[in-house]
Amino acid sequence: MRKIQVVMMSALLSGISLSGLAQESDKKNEEAEREKRERQQNLNREMTLEREYDPIVQDAAKVNTLPVVREMNISKRPITYSDYAVPMLPDKEMYVLPPGKLMTEVEHQKRNGYLHFGGGMLMNMMGDFGYHLLNTERDLLSVYFSHRSTNGKVKFEDEAIEKRKAKFNDNLGGLDFTHRFDKATLKLGGKFGYSAFNYYGMPTDIGLRDADLRNDSITNQGDRLINVYGGVVSNNTASLGYHVGIDYTNFNQKYSLSKELDGMTENHIGINFGLSSPVNNGQCFGVDVKANILSYTEPSPVSNTVVDSSAFDTHFNVTLSPYYRMESDTWKLLLGLNLMLVSQNSETDVFVSPNITFDVPIASWSVFYAKLGGGIESNSMAELSRTNRYINPVFTADASKTWADLKLGVRSSAAAGLWFDIFAGYKYTESDVLFNPSSYNWVDNGFNNVSMAFQPTTQRIQVGATLKYDYKHIVDFYLKGVYNYYNLKYLDTWKNSYAVNDLDKDSDLEAYGKPSFEANAGINVRPVKPLTVSLDYSMMSGIYANLSLDGNVKMKTINDLRLRTSWKFNDMFGIYAQFNNLLFQKQELYYGYPLQPFSAMAGFSVNF
């Protein structure tokens with residue numbers, strides 16, 4: 001009997017213990033669930049607060065609330081140097097294919113790797129490769145490589161000049177690593193690029209074409225780029241958001257103004273830091289700091305050229321941007337300032353620009369948006385070489401200081417599948433960068449027609465409109481037109497004096513290398529699911545150059561028409577064919593550097 005009592009008492013005590021443990025476990029589960037809900041609410045709030053400020057328009061037919069007009073995402077190919085000479089492809093906001101859809105629209109985001117390759121006439125070749133070595137919830141390790149090259153002859157507008165080979169070989173490879181900790185994300189990476197090209201452009205300074213024989217249009221210049229970066233970004237659940245990062249770029253040019261002269265080396269350190277703190281729902285205070293430090297190794301001196309050594313002194317600039325951001329379900333507002341300091345050429349300048357953006361609904365299907373900003377462009381040689389590879393390798397450009405950059409517009413989704421954007425803007429920039437051909441022979445047997453960076457103060461007034469339409473993903477098209485009016489003021493510095501010839505007054509200046517009117521249009525047709533036929537047209541007019549013999553010269557209007565067809569066999573494989581310059585035009589983006597004639601190329605895309 002006593003044993004039975006002991007057993008019963010033990011069972012009772014065990015039941016009470018288990019019940020207590022169960023209740024305690026339930027309590028812990030309830031607390032964990034509550035904390036999870038609070039974290040999710042905080043996450044949602046923080047994600048809303050921290051996302052980029054961008055006025056956008058979604059499909060109005062799918063929502064009852066105010067649609068935001070969202071522009072198409074733009075993913076440029078990860079190539080460091082300009083590739084405009086393959087086909088003439090100026091940047092277009094409305095139609096740039098990301099790597100995963102390059103030419104074939106084969107999605108690679110769901111897979112670990114992709115390979116695209118194409119080749120054709122004039123030795124045009126292009127290829128992209130990328131692969132996720134790691135792709136987990138916490139770690140992402142990716143490698144990539146891109147290639148663009150050509151080696152074909154081009155014709156000059158002046159029939160007296162024989163055809164000449166336009167050559168370049170651009171390569172870029174890199175490694176990116178991301179690791180997610182519980183409270184922050186670590187980002188590390190680097191890339192290496194090398195570009196070889198020749199200065200094939202026509203000399204512009206002497207009327208006698210026998211001077212052309214004294215210039216070197218055969219030797220390849222070599223641009224080498226090494227970049228490494230690292231940074232940490234707080235997770236969205238942090239009560240105090242932060243980001244900190246640093247990157248280093250080493251850019252070297254093999255030659256100066258001839259193959260007998262050593263080129264320059266540029267070292268660029270970039271630092272960025274930011275803090276943000278949410279206050280109430282939909283509000284946030286923050287501050288961002290950016291700094292750039294540029295130092296140089298001078299190129300070999302040229303006997304008949306005077307170079308100011310201060311141009312190769314260390315340059316640096318700093319931007320401090322405090323801001324206040326708030327938003328609701330229907331409108332957004334950001335109020336801030338950019339406090340900036342620029343030190344270069346033994347001078348230090350301090351200036352301030354506004355940093356204000358907002359968008360508000362004006363109808364159930366339209367948004368009015370505005371942005372008033374400013375900033376500093378460091379204009380490093382690595383950056384300028386991406387825009388114009390033929391930039392003068394002897395002179396460094398000053399940083400550009402934008403005091404005001406205003407843009408106003410209305411974006412609307414007027415009907416299902418139809419979007420439009422009407423906008424206008426004004427921009428005031430000191431030491432803007434305009435490209436102009438060199439005004440005289442730099443050195444006997446030197447390179448042909450290097451481009452000078454002419455840096456006046458510019459005021460630009462801009463108006464434009466964009467229209468997009470998509471019918472059930474069977475047919476879609478876009479139209480965009482932009483008109484630019486420039487007013488320039490010339491400051492006669494030692495560098496600018498080489499960029500243009502003497503002019504009597506500022507009103508004689510033109511925005512050299514910039515179009516006054518540009519238009520882009522395109523249509524995509526998918527008659528059957530695997531097939532896509534695309535036609536794209538680009539036009540740029542009102543481009544000027546300044547020549548030593550002729551003064552201001554208006555360049556020929558660019559008219560470029562391209563046709564592309566692609567066939568997607570499945571989610572892994574597709575092929576394409578592309579035809580460039582279907583109008584058989586002789587045209588130039590930079591004076592004396594003609595673009596390619598008609599060419600065709602074909603290729604394939606594989607995602608794995």
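**Ground rules.** I am working on a predicted model, where local features need pLDDT of at least 70, side-chain atom pairs count only at pLDDT 80 or more, and totals for chains, interfaces and linings use all residues. Residues are numbered from 1 along each chain as its sequence is written, and side-chain values use heavy atoms, with hydrogens and water left out.

Entry: My strand labels are DSSP runs numbered from the N terminus (E, at least two residues; helices are H or I, at least four). I call two strands paired if DSSP finds at least two bridges between them. S1 covers residues 113-120 and S2 covers residues 125-135; they run antiparallel, with seven bridges joining them. I found Met125 again here, as the bridge partner of Gly119. On the other pairing, S2 and S3 are joined by ten bridges and also run antiparallel. Three residues sit between S2 and S3 in their hairpin.

**Entry: Leu122.** The hairpin of S1 and S2 has four residues between the strands. Leu122 lies in that loop, and I noted its positive phi of about 60 degrees although it is not a glycine. Leu122 has 22% relative accessibility, so I put it down as partly exposed.

**Entry: Asn345.** Asn345 lies in the loop between S11 (332-344) and S12 (347-363). Is Asn345 buried or exposed? Asn345 is buried, because its relative accessible area is 18%.

**Entry: salt bridges.** I count a salt bridge when a side-chain nitrogen of Lys or Arg is within 4 Å of a carboxyl oxygen of Asp or Glu. In general, side chains of opposite charge can pair when their charged atoms come close. How many salt bridges does the structure hold? The structure holds nine.

I went through three of them:

- Arg148 and Asp128 meet through their side chains at 3.2 Å, N to O. This pair links distant parts of the chain, with Arg148 in S3 and Asp128 in S2, 20 residues apart. Both Arg148 and Asp128 are buried.
- Glu430 bridges to Lys401, with the closest N and O atoms 3.5 Å apart. Here too distant parts of the chain are linked: Glu430 is in S15 (residues 418-430) and Lys401 in S14 (residues 400-415), 29 residues apart. Glu430 is partly exposed because its relative accessibility is 24%, while Lys401 is buried at 7% relative accessible area. Shared partners join Asp349, Lys401 and Glu430 into one network of salt bridges.
- Arg562 pairs with Asp560, the closest N and O atoms being 2.5 Å apart. Arg562 and Asp560 are both buried.

**Entry: surface patches.** For patches I take residues with over 30% relative accessible area and no salt bridge; like charges are joined within 9 Å, and nonpolar side chains (Val, Leu, Ile, Met, Phe, Trp, Tyr) within 5 Å. Accessible areas come from the Shrake-Rupley method with a 1.4 Å probe, and for residues only the protein chains shown count as cover. Lys and Arg count as positive and Asp and Glu as negative, with His and the chain ends not counted. The charge is placed at NZ of Lys, CZ of Arg, CG of Asp or CD of Glu.

Which residues form the positive patch? I listed Lys153, Lys155, Lys163 and Lys165. Lys163 lies in the loop between S3 (139-154) and S4 (164-180).

The nonpolar patch has about 820 Å² of accessible area together, and its members include Leu115, Phe129, Phe145, Trp567 and Phe569. Phe569 lies in the loop between S24 (558-568) and S25 (573-580). At 47% relative accessibility, Phe569 is therefore partly exposed.

Entry: S18 (residues 457-471) and S19 (residues 475-489) run antiparallel, joined by 15 bridges. Ala465 stands opposite Gly481 in S19. Their hairpin has three residues between the strands, and Lys472 in the turn has a positive phi of about 50 degrees. S19 also pairs with S20 (residues 517-525) in the antiparallel sense, over nine bridges. There I found Val482 opposite Glu518 in S20.

Conventions. Buried < 20%, exposed > 50% of the residue type's maximum accessible area, 1.4 Å probe, protein only.
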